[in-house]
Amino acid sequence: MPDITRRRALTATAALAATAAVTTLVAPAASAAGHGRPMPMPESFDEVYRGRRIQGRPMTGPGGHHHEHGGGYEVLIDGVQLHVMRNADGSWISVVSHYDPVSTPRAAARAAVDELQGAPLLPFPAN
C-alpha cells in the first residue's frame, strides 16, 4: 500500500470539509420544509396590547387580496387588517415589521404595535 502523501491528506481533508458543509446547509432546509406537511394553523387571539386592540383568527371564507400569503390567517390592529405572511420556516412577518420574523401572528401584531409607536395602522392598498 502506498504511503500517504501530504497532497493526498490535504485533498482528503478538503473533500471531507466540503461534504460536511453541504450537509450542514442542506439538512436545515429539508427539515424546515416539513417534507410537504402543512403547518398547523395558529390559535385565535383577542387582547389589548399597549392600549391597542389586536386580534387574530383563521379566515373562514374569501378574504383579503393577499389571502394566500397569510396562510388563511387574519390579523387586525384596532379593526384595521395587518398584512401578515407566513415564511417557509413557519415564522411570520408583517408589512410593518417585514425584516424581523417572529414565531406567531400574535407576536407579529405586537411587533407592529411597538413599531407604530401610537400611529394608526393604515389599510394596505389593493393592487
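Q: What should I know before I read on?
A: This is a predicted model, where local features need pLDDT of at least 70 and side-chain atom pairs count only at pLDDT 80 or more, while totals for chains, interfaces and linings use all residues. Residues are numbered from 1 along each chain as its sequence is written, and side-chain values use heavy atoms, with hydrogens and water left out.

Q: What average pLDDT does the protein chain have?
A: pLDDT is the predictor's confidence in each residue, from 0 to 100. Here the protein chain averages 81, and 72% of the residues score at least 70.

Q: Where in the protein chain is confidence lowest, and where is it highest?
A: Helices (H or I, at least four residues) and strands (E, at least two) are DSSP runs, numbered from the N terminus. Confidence is lowest in helix α1 (residues 6-33), with a mean of 62, and highest in strand β1 (residues 45-49), at 98.

Q: Which residue does Arg50 form a salt bridge with?
A: Arg50 pairs with Asp114, and their closest N and O atoms are 3.1 Å apart. Arg50 lies in the loop between β1 and β2 (52-58) and Asp114 in helix α2 (residues 105-116), so the pair ties together parts that are 64 residues apart in sequence. Asp114 is partly exposed, at 31%.

Q: Which residue does Asp78 pair with?
A: Asp78 forms a salt bridge with Arg52, with the closest N and O atoms 2.5 Å apart. This pair links distant parts of the chain, 26 residues apart: Asp78 is in the loop between β3 (73-77) and β4 (80-82), and Arg52 is in strand β2. Asp78 is partly exposed at 43%, whereas Arg52 is buried at 10%.

Q: Which residues do salt bridges with shared partners join into one network?
A: That network is made of Glu47, Arg106 and Arg110.

Notes
Salt bridge = Lys/Arg side-chain N within 4 Å of Asp/Glu carboxyl O. Buried < 20%, exposed > 50% of the residue type's maximum accessible area, 1.4 Å probe, protein only.
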